Amino acid sequence: MDLNGMYAAAFRRALLLTRHRQTAEDAAQEAVTRLLGQTPGTVRNPGAWLTQVVSRLAYDWMRQRRREITLAELPPPSPAQNIAPDPAAHIVARAEAAEVRSILQQLPPRDRQMLLLRHGGASYQEIARSVGCAPGSVGTLLVRAERRFKTRYEKLVEGRPSGPR
């Protein structure tokens, strides 16, 4: 077993996926360490095993990075938010949240689950596993679920009395 060659291959794979040198080095080192920790003879194809492990480590890093970027892109709270909340805005926000929950409860369970997972940051793969559908179907199913939600929400808005809320 050529550890230098395996490390180099793992590093190249991680660098290809992450495009981040330090992360690629860390992932390659972790994968090789895990390989060395395996009981001798349990890994039939060390190269394939190593590729799979380093890929998972790289994907985990990218998923974590995506969450960090998403949180970092949130606008900072305005100074007005630190003073005292507007009671009317708070009441309106609570009413809208209650409406959204009510509409979600009216949807079929799979639609509700898919919408909650997606808006919670789940990937299409994670959604597919959770609801038991093919990953290629998730986009279409989400569009349909969003359409059903929007239709119900628009009916609710049309039924409101006009004027300020």
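**Helices, ring pairs and burial**

Me: Y7 and F11 both lie in helix α1, separated by 4 residues, or about one turn of the helix. What makes a stretch of residues a helix here?

Reply: The model is predicted: local features require pLDDT of at least 70, side-chain atom pairs count only at pLDDT 80 or more, and totals for chains, interfaces and linings use all residues. Residues are numbered from 1 along each chain as its sequence is written, and side-chain values use heavy atoms, with hydrogens and water left out. A helix is a DSSP run of H or I with at least four residues, a strand is a run of E with at least two, and numbering starts at the N terminus. The chain comes to 8 helices and 0 strands, and its elements run α-α-α-α-α-α-α-α from the N terminus on.

Me: What makes Y7 and F11 an aromatic pair, and why is the pair called stacked?

Reply: A pair of aromatic rings is described by the distance of the centres and the angle of the planes. Rings of Phe, Tyr and Trp (its six-membered ring) pair if their centres lie within 6.5 Å; planes under 30 degrees apart are stacked, over 60 edge-to-face, and the rest tilted. The count by this rule is 2 aromatic pairs. For Y7 and F11 the values are 6.4 Å centre to centre and 15° between the planes, and therefore the two rings form a stacked pair.

Me: Are Y7 and F11 buried, partly exposed or exposed, and how do you know?

Reply: The term buried means under 20% relative accessible area, exposed means over 50%, and partly exposed lies in between (1.4 Å probe, protein chains only). Y7 has 31% relative accessibility and so counts as partly exposed. F11, at 14%, is therefore buried.

Me: Why is the packing of α7 against α8 called roughly perpendicular?

Reply: Helix α7 (residues 124–131) and helix α8 (residues 138–158) pack at an angle of about 80°, with their axes 10 Å apart. Axes are lines fitted to C-alpha atoms, for helices over the stretch in contact, and angles run from 0 to 180 degrees between N-to-C directions. An angle under 35 degrees is roughly parallel, over 145 roughly antiparallel, 65 to 115 roughly perpendicular, and the rest oblique. The angle of about 80° therefore makes α7 roughly perpendicular to α8.

Me: Which residues make the contact of α7 with α8?

Reply: Contact means heavy atoms within 4.5 Å. Y124, I127 and A128 take part from α7, and V138, G139 and L142 from α8. By class, this contact has 5 nonpolar, 1 polar and no charged residues. Ala, Val, Leu, Ile, Met, Phe, Trp, Tyr, Cys and Pro are nonpolar, Asp, Glu, Lys and Arg are charged, and the others, Gly among them, are polar.

Me: How do you know whether T18 is buried or exposed?

Reply: T18, which lies in helix α1, has a relative accessibility of 9% and so counts as buried. Neighbours within four places in sequence aside, T18 is in contact with T23, A24, A58, W61 and M62. T18 and A58 are 40 residues apart in sequence, and 6.2 Å apart in space from C-alpha to C-alpha.

Me: What makes D111 and L57 buried?

Reply: D111, in helix α6 (residues 109–119), is buried because its relative accessible area is 3%. Residues up to four places away in sequence excluded, D111 touches A145 and R148. L57, in helix α3 (residues 46–72), has 18% relative accessibility and is therefore buried.

Me: Why are R19 and R101 called exposed?

Reply: R19 is exposed because its relative accessible area is 69%. R19 sits in the loop between α1 (3–18) and α2 (21–36), and has a positive phi of about 55° although it is not a glycine. R101, in helix α5 (residues 87–106), has a relative accessible area of 52% and is therefore exposed.
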